[in-house]
Each structure stands twice: as C-alpha cells, then as structure tokens.
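Q: Please take a close look at one part of this structure and then connect that part to others. How exposed or buried are the residues concerned, and what do they touch?

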Amino acid sequence: MQKTRFFNLCFDNKHIVFYCGASQDDIVQLVQLDRVVYEEEHLVPLSRIKSWNDKNNKIYCVAKETESNKVIAYIGMFPLKERTFMDALRIDFDETKITPDDIDCYEKSRMYYLYINSVVVAPEYKSNFLIYKNIFACFFEFVVDLTQDDIFISDACGRATSEEGIKQCKSFLRMQEVANDDKSGLRIFHAKLFPVSMRLPFDVGKKIHKLYTEKYACMA
C-alpha cells in the first residue's frame with residue numbers, strides 16, 4: 001500500500017503534523033482524548049482499540065503537536081465486513097461491540113465498506129477550522145492513496161448525535177441522512193460512491209470524484 005503523505009501546519013507557534021496510521025502511543029492518547037469529549041457509555045476500552053489497530057493499522061488519521069507529542073485530533077475510519085457495515089446503518093447498532101473480526105484489511109484490487117466511527121478534536125482546538133480542514137484533507141488523501149493499489153470504497157456511513165457531528169457528515173463527508181432516532185438524537189448518514197454522486201470539498205475532493213468516476217466507467 002502506498003504511504004500516506006504528511007500534512008504540516010503552524011498555528012500559534014505550534015507545529016502540527018497530520019498523518020494516517022496511529023502508533024501504540026497514539027492509541028493510548030486517543031483513548032485519553034475520548035475520555036475528555038465522550039460520555040461514559042460511548043467509551044471503548046484501550047485493549048479493544050489496540051486490538052482494532054493491530055488488525056488494521058490504517059484505521060486512524062491523526063493530528064499531533066510535534067513539540068509536545070500530544071494528539072489533538074483524529075478520525076476513525078474502519079473498513080468493515082459487509083454484514084457489520086449493514087448493521088451500522090441500524091439505530092440499535094453498538095459500535096463499542098466491534099471486534100477485530102468485523103474489521104477488514106486492505107488488499108489490492110478490492111472494494112470496501114467504510115465506517116467513519118469518530119471525528120474528535122481536543123477542546124482547545126475545537127474553534128479552529130484549520131484543524132478540521134486538515135484532518136479531513138488527510139483522510140481524503142488517504143482515500144486517494146488507496147486508489148494507487150486499485151482499492152476503492154463502495155459505500156461509507158457515519159453516525160452522529162451532536163450538531164457538530166451532523167455538520168461533519170453533511171458538509172465534509174457529503175453524506176445523506178438515512179435514519180434517525182428522536183429519543184437519543186442519533187442520526188445515521190450514508191454515501192454510495194459507485195456511481196459517485198456527491199462533490200467532496202477541497203481540491204483533493206475533486207481528485208477523488210475524478211478517480212472514482214473513471215473507475216466506475218471501467219466497471220460499467
């Protein structure tokens with residue numbers, strides 16, 4: 001698999017790097033960040049997250065302050081087995097119960113179902129649009145990198161309970177709402193990429209649209 005490019009950003013005299021592929025130290029910090037932003041019922045044990053990352057070490061895009069070695073943001077992006085992905089489109093799906101067996105490994109010339117399970121930004125950076133922009137750009141560049149090995153995403157989905165999460169699914173990922181639950185506030189979003197129907201943001205979004213359109217034409 002092609003190596004994902006790094007992004008670098010200087011902000012308030014801090015140097016921040018964006019990349020795909022979390023280290024063991026990153027995983028520990030991701031869990032610590034989750035404890036800051038999530039309610040107890042949504043937390044996943046460190047051992048479970050380590051087991052996910054051991055199964056596929058390309059399931060997180062990370063933003064880190066280089067001087068302090070502190071993880072300040074991440075995106076979780078799980079290629080799931082089809083049956084588990086379909087379950088993720090249901091209101092009663094519990095992502096904390098995902099096992100390593102539910103996660104796929106990337107192999108050349110295959111299609112995948114991608115589940116965006118988390119987009120987390122540290123509270124001190126939540127008002128900074130550049131952090132969001134670059135963490136999503138890092139994710140989109142990873143999607144482009146996959147195409148170099150003829151690896152494509154056929155469907156993607158995400159779940160959101162906050163206004164911020166809903167905005168991310170709609171604005172950054174350009175997904176369509178397919179289900180909701182008034183009691184919990186949960187809203188489920190889905191996007192089908194063959195044929196690709198949405199226009200993703202940023203220049204890299206245009207590149208994805210072109211690559212996926214060409215791939216679909218070859219398959220037709």
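A: In this predicted model, Glu214 has a relative accessibility of 38%, so Glu214 counts as partly exposed rather than buried or exposed. The buried class ends at 20% and the exposed class begins over 50%, and partly exposed covers what is in between. Glu214 sits in helix α6, which covers residues 202-219. Between Glu214 and Phe11 there are 203 residues of separation along the sequence, and their C-alpha atoms are 37 Å apart in space.

Helix α6 also has a part in covering another helix. Helix α5 spans residues 163-172, and its buried residues include Gly165, Ile166, Gln168, Cys169 and Phe172. Among the elements that cover these buried residues are α6, β5, α4 (129-147), β6 (151-160) and β8 (186-192). After α5 comes Arg174, which has a positive phi, near 55 degrees.

Strand β5, one of the elements covering α5, runs over residues 110-121 and contains Ser118. With a relative accessible area of 5%, Ser118 is buried. The side chain of Ser118 makes a polar contact of 3.5 Å with the side chain of Asn117. Setting aside residues up to four places away in sequence, Ser118 touches Tyr38, Tyr74, Ile75, Gly76 and Glu95.

The loop between α3 (82-88) and β5 holds Thr96. Thr96 has a relative accessible area of 14%, and is therefore buried. Its side chain is joined to that of Asp94 by a polar contact of 2.6 Å. Apart from neighbours within four places in sequence, Thr96 is in contact with Glu41, His42, Leu43, Val44 and Arg48.

Helix α1 (residues 24-37) packs against helix α2 (residues 46-55) at an angle of about 135 degrees, and their axes are 10 Å apart. Because of that angle, α1 is oblique to α2. The crossing of the two helices is right-handed. On the α1 side, the contact is made by Gln24, Ile27, Val28, Val31 and Asp34. On the α2 side, Leu46, Ile49, Lys50, Asn53 and Asp54 make the contact. By type, the residues of this contact are 5 nonpolar, 2 polar and 3 charged.

Methods. Residues are numbered from 1 along each chain as its sequence is written. This is a predicted model: local features need pLDDT of at least 70, side-chain atom pairs count only at pLDDT 80 or more; totals for chains, interfaces and linings use all residues. Side-chain values use heavy atoms; hydrogens and water are left out. Axes are lines fitted to C-alpha atoms, for helices over the stretch in contact, and angles run from 0 to 180 degrees between N-to-C directions. Helices (H or I, at least four residues) and strands (E, at least two) are DSSP runs, numbered from the N terminus. Angles under 35 degrees count as roughly parallel, over 145 as roughly antiparallel, 65 to 115 as roughly perpendicular and the rest as oblique. A crossing is left-handed if the near helix is turned anticlockwise from the far one by less than a right angle, and right-handed if clockwise. Contact means heavy atoms within 4.5 Å. Ala, Val, Leu, Ile, Met, Phe, Trp, Tyr, Cys and Pro count as nonpolar, Asp, Glu, Lys and Arg as charged, and the others, Gly among them, as polar. Buried means under 20% relative accessible area, exposed over 50%, partly exposed in between (1.4 Å probe, protein chains only). A polar contact is a pair of N or O atoms within 3.5 Å; within protein, one must be able to donate a hydrogen and the other to accept it, and residues adjacent in sequence count only if both atoms are side-chain atoms.
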